[in-house]
Amino acid sequence: MTQTINDTLAERGSRYGDFTDHADIAQALQDVMRASNGWERLPAFMRQALTVIADKIARILNGDPHYKDNWHDLQGYAKLAEDRCNDTGA
């Protein structure tokens, strides 16, 4: 059976909670990050990793915190950024 977009949205809503509530949390986290003094000196890959991580955090806070895939994704995006960092010996 082919899943409709409404089926997909209902499934995601049951896992991640209401999209509007999720968006409010995600945007608030991102607003804090973008307002920090260090945001502009980050390269695009770091800003993007942090943006997606904030979205995953919002999903955890708004939906099912025991859904392991969200936690796995957090690690993955952090690893993508880590792999692109220059080794400064720190």
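I looked up what lines the largest pocket, and H1 gives the most, with 4 residues. Helices here are DSSP runs of H or I, at least four residues, numbered from the N terminus. This is a predicted model, where local features need pLDDT of at least 70, side-chain atom pairs count only at 80 or more, and totals for chains, interfaces and linings use all residues. Residues are numbered from 1 along each chain as its sequence is written, and side-chain values use heavy atoms, without hydrogens and water.

My list for the lining reads Leu9, Arg12, Gly13, Tyr16, Gly17, Asp18, Phe19, His22, Asp55 and Arg59. Helices H1 (5–16), H2 (19–35) and H3 (44–62) each give two or more of these residues. For the terms, I noted that a pocket is an open set of points on a 1 Å grid over the protein atoms alone, where a 1.4 Å probe fits, with protein on both sides within 12 Å along at least five of seven lines; lining residues have an atom within 4 Å of a point.

Next I checked H1: at 1.5 Å a residue its 12 residues should span 16 Å, and the end C-alpha atoms are 16 Å apart, which agrees. The expected span is 1.5 Å times one less than the number of residues. Just after H1, glycine 17 has a positive phi of about 85 degrees.

Last, I took H3 and H4 (residues 68–84), whose axes come within 9 Å and cross at roughly 170 degrees. Axes are lines fitted to C-alpha atoms over the stretch in contact (heavy atoms within 4.5 Å).

Methods
Axes fitted to C-alpha atoms, helices over the stretch in contact; angles between N-to-C directions.
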